[in-house]
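Me: I would like a close look at a single part of this structure. Please keep the answer in one piece.

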Amino acid sequence: MIEKEIWDGIKIGDYKAFQNLYSYFFDQLYSYGMKICNDNEQVEDAIHDLFLDIWKYHKKLSPTTSIRFYLYRSIRRKIYKNQDRNIKETVFEKEIETFFEQTGDAHDLRIIEEESKSLIIARLQVGLKELPSRQYDALVLKFFSNFSYEEIGNMLDMNEQSVRNLIQRGLKKLRALLGTGLLIFAAVLIFKHFFLI
Amino acid sequence: MKNYETYQPGDFLLDDGFVEWIKNPDMDNEYAVFWNNWAKNNPQKIADIEAAKIIYQTITAEETVPLEAKTKVWGKLQTSIISEIQANKTKTPVKSIRMTILKVAASVVLLLGLGSAIYFGVQQFVNDKQLVTVENQRSTPSTVLLADGSSVILYPNSFIEFPEIFDDRFREVHISGKAFFEVAKNKEKPFLVHSAHLYTKVLGTSFLVEDIKQTSTANVSVIEGTVAVYSDTDNENEIKNGELGAEIITDKQAVYFNTEKAVFIRKDFNELVYSSFNFIDTPVLHVFDLFEEVYGIKIVVDRDVLTGCSLNASLTDMPFQKKIELICKAINYKYKFENNTVILEGSGCK
């Protein structure tokens, strides 16, 4: 796909180009949307609103170097506009503290023995969603959507170094969340590695 | 070389080379070579590496996109775009609604969008050839329903001429100006549009013809189906007998005919907004509004009982009559065509 051609086409009202844009980006925008809000209807509405805006204001579209970046940034805004993110964020920050404290204690041996990779992943999934929202956002944009630190900084309105710090903090928390459960898991791997080969 | 031995848990994923490696652990690139080797030499870090892998997998886990989501959202989007266009149109009062009918054969055709019942049922000026001519002098489109079940949206300053009864082999019409055809399917009897510079031949499809004598480009655009386009310098009999090669155009394509150089130029067709009649959870009343707008036909119905009723249907590529018939089947209504209106009767969608 030649991005510039599509974008220019839309600017002059080429409906076919518009359709191509939709067709090409729908799946990835949908799946990114699901990552950050986990509600089909909200994601569908956001995509609908985004593309409606694009067609509605196609004459006024500004030139863009990356359609993908533009679309992700827009869909993100649409979704967050529909949620009262700020309120949620402060609640999350508190929840996350208690969550981490609890998981530390909850690790009695009985559970650890039954811990499998899928359980670890399940726990991580919960932990991931409970991260402070900006940390979570940055992690998803970096690893799931493969944006550069610069682009992420642009989307989140912060400089590159702050994005790196944000991602580092997020990863650290997730790693801590795995606690001893993972160490057991790793020990099994090491055991296999040294004794079964 | 970075000092990976002192890496804190979580640091690994900040290294793009490390990420490349866990993305494609079996690839034979520099990252894989380095990290495979490093992992082997640093068994004390295996837990951190495993943790990084699992964290990466969790963050990048694919979200399932429901199969129908794409078409569903697209359908809604189409509907929104159309209503957006309607809302933006300045509501200019309809001036003099006048449609000149030169010859009318009322027994076989219904003429819609005429604004007055006077023209209906008039059976004068039918000439020897039994040709009916309708000219749209309004500022908005109007629709002509043909005896074979096809419908033609006639745009302002355009006219169409067609026989009272189509002959056995062809459904042949003449037009000048701009007209959108939704042709009833009949493989036995091709539909032939003769315009100022072109012949367009189809079996059943929807397409737009724009061609007047004074113009330097004539244009045929296809929504769905396939049509064959010939220049009018081609021999008419050979066209009818299918002996000539033609410009074949299919779904969402258009050809422009340069009348001076007599050459065809192909393009993508981008005027699709009005031509897509795919409705998903669209309020029925909204669909009727759209029809009134696009076809220039009045739809008379008790709107109150239909509030809250919605429609899921793909009504692209079929004549107007067929669209009404299918909707009525869906909501269990009766319909009749009368003058410039369609009258619908029923008791809501419950």
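What does A:Cys37 count as, buried or exposed, and at what relative accessibility? Then please go through strand β10 of chain B and what it pairs with.

Reply: This is a predicted model, in which local features need pLDDT of at least 70, side-chain atom pairs count only at pLDDT 80 or more, and totals for chains, interfaces and linings use all residues. Residues are numbered from 1 along each chain as its sequence is written, chains are lettered from A and ligands numbered from 1 in the order written, and side-chain values use heavy atoms, without hydrogens and water.

A:Cys37 counts as buried because its relative accessibility is 13%, and buried means under 20% relative accessible area (1.4 Å probe, protein chains only). B:Cys328 is also buried, at 2%. The whole structure has zero disulfides, a disulfide being two cysteine sulfur atoms within 2.5 Å.

Strand β10 of chain B covers residues 206-211, and five of its six residues are buried. Strands are DSSP E runs of at least two residues, numbered from the N terminus; two of them pair if DSSP finds at least two bridges between them. β10(B) pairs with β7(B), residues 171-182, antiparallel over six bridges. B:Leu208 in β10(B) is the bridge partner of B:Phe180. β10(B) also runs antiparallel to β11(B), residues 217-224, with five bridges joining them. Here the partner of B:Leu208 is B:Ser221 in β11(B).

How values were computed:
Buried means under 20% relative accessible area, exposed over 50%, partly exposed in between (1.4 Å probe, protein chains only). Helices (H or I, at least four residues) and strands (E, at least two) are DSSP runs, numbered from the N terminus.
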